[in-house]
Amino acid sequence: MVKLQELVSRVPEAEMLCIFHTHVANQMSRPVKEELLKQVERIGQTRDVFHIYNNIQDRFLHVDLYQNGQLTALTCAETEGHGR
């Protein structure tokens, strides 16, 4: 399985990263979800990245933007919440 950081390294630094997933997160264990969030945060310290997701901490659609190492976290919508 390809690791997230390995995929990120393939994207030119001038490009904005977008990590998108929704309902797949309901199939992840809590530790895996936490590690994913940590990886995205680490990536966001050196790259601009949009992380678009739901089903990690709740059923809402979230957009986390890391820009210049700073996090802007937005909650955009309520979703169906699969995996409840």
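Predicted model: local features only at pLDDT ≥ 70, side-chain atom pairs only at ≥ 80, totals over all residues.
I'll start with the core. The largest nonpolar core has twelve residues: Leu4, Val8, Leu17, Ile19, Ala25, Leu36, Val40, Ile43, Val49, Tyr53, Ile56 and Tyr66. Two or more of these come from each of α1 (4–9), β1 (17–20), α2 (30–44) and β2 (49–53). The biggest contributor is α2, with three residues. For one set of contacts, take Val8: leaving out residues up to four places away in sequence, Val8 touches Leu17, Ile43 and Arg47.

Now α2 itself. This helix has 15 residues and runs 21 Å from first C-alpha to last, close to the 21 Å expected at 1.5 Å a residue. Which residues of α2 are buried? They are Lys33, Leu36, Val40, Ile43 and Gly44. These sit on the same side of α2, because they cover an arc of only 100° around the axis. Their cover includes α1, β1, β2 and β3 (60–67).

Last, the charged pairs. Searching the whole structure gives three salt bridges. One joins the side chains of Glu6 and Arg10, at 3.3 Å, N to O. Here Glu6 is partly exposed at 39% relative accessible area, and Arg10 is exposed at 55%. Another joins Arg42 and Glu35 at 2.9 Å, N to O; Arg42 is partly exposed at 49%, as is Glu35 at 31%.

Then there is Arg59 with Glu78, at 3.4 Å, N to O. Arg59 is in the loop between β2 and β3 and Glu78 is in strand β4 (residues 70–78), so this pair ties together parts 19 residues apart in sequence. Arg59 is partly exposed, at 26%, while Glu78 is exposed, at 54%.

Terms used
Residues numbered from 1 in each chain as written. Heavy atoms only, no water. Core = buried A, V, L, I, M, F, W, Y, C linked by side-chain atoms within 4.5 Å. Buried < 20%, exposed > 50% of the residue type's maximum accessible area, 1.4 Å probe, protein only. Helix = DSSP H or I, 4+ residues; strand = E, 2+ residues; numbered from the N terminus. Contact = heavy atoms within 4.5 Å. Expected span 1.5 Å × (residues − 1). Arc of directions from axis to C-beta. Salt bridge = Lys/Arg side-chain N within 4 Å of Asp/Glu carboxyl O.
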